[in-house]
Amino acid sequence: MFESLTERLSDAFRTMTGRGRLTETNVREGLEMVRQALLEADASVEVARQFVDSTLEKFLGTETSRALNPTEQIVRLVNEELIALMGPVDPSIPNERDLTVIMLCGLQGSGKTTTCGKLAKRLLESGRKPYLVAADLQRPAAIDQLEVLGGQLGVPVFVDRETKDPVDVCKRAINDAKAQQASVVILDTAGRLHVDDELMEQLKQIERKVDPDQVYFVVDGMTGQDAVNSAKAFNDALELNGVILTKMDGDARGGAALSVKAITGVPIKFIGVGETLDALDEFHPDRMASRMLGMGDIKTLLDVANAKFDEEELRRQQEQLEKGVFTLDDFRKQMSQASRLGSMSKIMSLIPGMGRISNLLGELDVDPDKEMRKIGGIIDSMTLEERRRPDIINGQRRRRIAAGAGVDVSRVNELLKMHQQMAGMVKNFSSVSAGDRMRMLQQMTAQTASNPFGVMGGPPKKGSTGKRLTAKEREANRKRLEKERRKKRKK
């Protein structure tokens, strides 16, 4: 997310690195590069200009801190301005009435219907009872799609394929939702390929007759400034309560996230970060600014971990660790927990300093998740006794395990080294409080998730296939190693 913008901002900051002190002249030069980066991200020209002017004004009016080097000072100011530009935001969904009505609108192809399902899933997880309404009568496929999503979630969907009046559908659906004691109604309204009078009039009719509590505009975040222009048009007609940016899991230019609040006054409530129903994140300006500046997003990573980790499994692992035992089977269980956090690329993007590594892996055509599976392959190649007592794995056993897993011996060594480091943490486990033990266990699991290449000996070099060796190739490697050992003995 925002890889291109992050790279350009990093270039701007690097131009100021190494200077003993920042002057107005070299700060102006650096901020000009920041302005260009924002424009290339498709931010509004006016937003980019005001952003740079405000940052420069604050720099000139701020006393230089001896605790920060010049680059850190300007990064801090840019970070503060990014947060101010995109916030404040309240990502919560109102819960003040027995039945809350949310109306989703947007252009066709923005991911509006899928977002209805994602919102419903969030509401289910928070203990509320959602109710979906297929009010997009222009596109029959939208009705079918919403029914499928409702079936996957176990959420009721109001459908009327005979009526052509979306206002009537919405009103009857709300009455039915009350009868079923639902707590939140989500209206999936029609979209068009472009903003037109017919679409706007239809949406105005629904808003007037149904009186929704919240109106959210769903828009493709990849469209940059076009997304902002569409949001402005919809807000002029409907008075939006929030914007949901979809398709933000790719290298979105960032212009919409940067400009939509400043131009329309409407906050971004959520961002779609994937196709699955759980891929909808709350929008936090401070976390988003941190990602744009390449500083990761640890808070979001912890939120995901708390939601995804199996607490019962964590408790079982805690009981095992309290005995001072940490086998490679325990390590495998942590890998299973870590896999719940999502793709390795997403995890790495949230960790400070790992974004560039993730980009490099993309250039090398490396799949971090495959690398994690190789770790499982190494453990599978061990005997039960070796997994229980890794200290018995000598050189001969390491070579056998490597041949069985189709990897270099160095990768087996790296895995055992990481296990040894984590086992060292276990020795201190009994001396900390119960609350700290659970946090310590979560940290160990997060370390497993975030450091696949620490285990696998680094990403493969360019030109390396990274393919699993065949039985014939493994046998050839075994004979080669045996030949090398005989040579060493003779010496």
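**Overview of the predicted model.** Of the 491 residues in the protein, 49% are buried, in a model that is predicted. The secondary structure comes to 23 helices and eight strands. Where contacts join residues at least 6 apart in sequence, 74% of them link residues at least 24 apart.

**Close-up of helices H1 and H2.** Helix H1, residues 3-14, packs against helix H2, residues 24-40, at an angle of about 170 degrees, and their axes lie 8 Å apart. Because angles over 145 degrees count as roughly antiparallel, H1 is roughly antiparallel to H2. On the H1 side the contact is made by Leu5, Arg8, Leu9, Asp11 and Ala12, which meet Gly30, Met33, Val34, Gln36, Ala37, Leu38 and Glu40 of H2. By class, the residues of this contact divide into seven nonpolar, two polar and three charged.

The buried residues in H5 are Lys112, Thr113, Thr115, Cys116, Gly117, Lys118, Leu119, Ala120 and Leu123. Just after H5, Gly127 takes a positive phi of about 90 degrees.

**Close-up of helices H7 and H8.** Two packed helices are described by the angle between their axes and by the distance between those axes. For helix H7 (residues 166-179) and helix H8 (residues 197-210), the angle is about 30 degrees and the axes are 9 Å apart. With angles under 35 degrees counted as roughly parallel, H7 and H8 are therefore roughly parallel to each other, and H7 passes H8 in a right-handed crossing. Pro166, Val167, Cys170, Lys171 and Ile174 of H7 meet Gln202, Gln205, Ile206, Lys209 and Val210 of H8. This contact of H7 with H8 holds six nonpolar, two polar and two charged residues.

**Close-up of helix H9 and its surroundings.** Helix H9 (residues 225-238) has 14 residues and reaches 20 Å from its first C-alpha to its last, close to the 20 Å expected at 1.5 Å a residue. Buried in H9 are Gln225, Ala227, Val228, Ser230, Ala231, Phe234, Asn235, Ala237 and Leu238. The elements that cover these buried residues include strand S1 (100-106), H8, strand S5 (214-220) and helix H10 (255-264). H9 is followed by Glu239, which has a positive phi near 55 degrees.

Notes
Residues are numbered from 1 along each chain as its sequence is written. This is a predicted model: local features need pLDDT of at least 70, side-chain atom pairs count only at pLDDT 80 or more; totals for chains, interfaces and linings use all residues. Side-chain values use heavy atoms; hydrogens and water are left out. Buried means under 20% relative accessible area, exposed over 50%, partly exposed in between (1.4 Å probe, protein chains only). Helices (H or I, at least four residues) and strands (E, at least two) are DSSP runs, numbered from the N terminus. Axes are lines fitted to C-alpha atoms, for helices over the stretch in contact, and angles run from 0 to 180 degrees between N-to-C directions. Angles under 35 degrees count as roughly parallel, over 145 as roughly antiparallel, 65 to 115 as roughly perpendicular and the rest as oblique. A crossing is left-handed if the near helix is turned anticlockwise from the far one by less than a right angle, and right-handed if clockwise. Contact means heavy atoms within 4.5 Å. Ala, Val, Leu, Ile, Met, Phe, Trp, Tyr, Cys and Pro count as nonpolar, Asp, Glu, Lys and Arg as charged, and the others, Gly among them, as polar. The expected span of a helix is 1.5 Å times one less than its number of residues.
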